[in-house]
Amino acid sequence: FTRAALSPQFGSFIDDLRLYVRGGSGGMGYPRLGGEGGRGGDVWLVARERTTLRSIKERHPRKRFVAGNGANSSVRALKGEKGKDCEVHVPLGISILCEDGKQIGELNTAGERCLVARGGLGGSLVTNFLPCKGQKQIVHLDLKLIADVGLVGFPNAGKSSLLSKISHAKPQIADYAFTTIKPELGKIMYADYKQISVADLPGLIEGAHANRGMGHKFLKHIERTKQLLLVVDVSGFQLSIKTRFRTAFETILLLTKELELYKEELLRKPALLAINKMDLPGSKDNLSELMKQLQNPQDFLHLLSDEMIPESTMKFKDIIPVSTCTGEGIEELKTCIRKSLDEEAEKENEDHQKKKLLLLQTSG
């Protein structure tokens, strides 16, 4: 694969965009009659479904958004009209950052709005009837995919194949490392019409937390998934001839370490483990060895060097052996994903009800 194929844009997928925004200038005041000029329009970012950062870039190649100027005060209208606001439609899951990296806000649900450039005041007695200019700044839009389940695994663990088996997604699948160079989203459809979104994110490598390989490009998307599904090759994994071979158990510990080093709270997300490629020779023996190691991980930590051992091991709600080749375990995995999400939703609902009851009791 070429270097161009691994560009930070992930092909046609864009997950960050830089915009210039400027509020409108205020209108001139009318000194003789004490008239006030209209305030300049504001620039707002508004979250809207089915919008992408790529579509913004294509529609507005200069990436400049300027609100309308306020109307001047006149004999006919002493109070000038406010300038027209400028609304920029952005995708859900956007963090808005200033040029210095400070966060201005987040937009996660359709219709949410964030003011990014305020219009200038119109001319009045206070300003000697001279108008003020609108606020201007560069803002960065940082997209983190929102999905119910995030697939986590090293390259070639079979994540793309698994996504195509459990959902309606049609990811590109090839037999080399770094198959996925852009996030893929799929939906699992259930008989009762329930839909669960699954994101297959670009493959991690050792050192991803330090932004090696796709590093943060991958890891930031995990933050907005409700649950994790680790996908591990039962036979183990080797990125290239220059890197060490890792068993399935070592792979799980290394994945855990990468998540922990990037953001410790990721390990608090509910997690499932899919052990893939159960159709390969020797997979049954490898599986029984792995299950033994997972039951008592402390007894096997000596297999890794100290800096690669995570502070805490991951707890999996379910461990499901699967084969994307034969279809083994796929239906069971879909059932486990559904069950796990339903349980978490129920728990959240119970916690919410308890909080409401507590508020009622304290206010009473």
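Q: What should I know about the numbering and the model before I start?
A: Residues are numbered from 1 along each chain as its sequence is written, and side-chain values use heavy atoms, with hydrogens and water left out. Since this is a predicted model, local features need pLDDT of at least 70 and side-chain atom pairs count only at pLDDT 80 or more, while totals for chains, interfaces and linings use all residues.

Q: Which residues lie nearest the centre of the largest pocket?
A: Those are T51, T52, L143, L145 and L185, out of 24 lining residues. Strand 10 gives the most to this lining, with 4 residues (helices, H or I of at least four residues, and strands, E of at least two, are DSSP runs numbered from the N terminus). Domain 1 (16–143) and domain 2 (147–349) each supply at least three residues, with bounds from an automatic or database domain assignment.

Q: Which residues line the largest cavity?
A: Look for F154, P155, N156, A157, V231, V232, D233, F237 and T251. About 30 Å³ of space lies inside, and strand 12 (residues 225–233) gives the most to the lining, with 3 residues. The lining divides into 6 nonpolar, 2 polar and 1 charged (Ala, Val, Leu, Ile, Met, Phe, Trp, Tyr, Cys and Pro count as nonpolar, Asp, Glu, Lys and Arg as charged, and the others, Gly among them, as polar).

Q: At what angle do helix 4 and helix 5 pack?
A: Axes are lines fitted to C-alpha atoms, for helices over the stretch in contact, and angles run from 0 to 180 degrees between N-to-C directions. Under 35 degrees counts as roughly parallel, over 145 as roughly antiparallel, 65 to 115 as roughly perpendicular and the rest as oblique. Helix 4 (residues 248–262) and helix 5 (residues 283–295) pack at about 45 degrees, axes 9 Å apart, so they are oblique to each other. A248, F249 and I252 of helix 4 meet L290, Q293 and L294 of helix 5 (contact means heavy atoms within 4.5 Å).

Technical notes:
On a 1 Å grid over the protein atoms alone, a cavity is a set of points where a 1.4 Å probe fits but cannot get out, and a pocket is an open set with protein on both sides within 12 Å along at least five of seven lines; lining residues have an atom within 4 Å of a point. Grid points are joined across faces, edges and corners, and a volume is the space filled by probe spheres set on the points.
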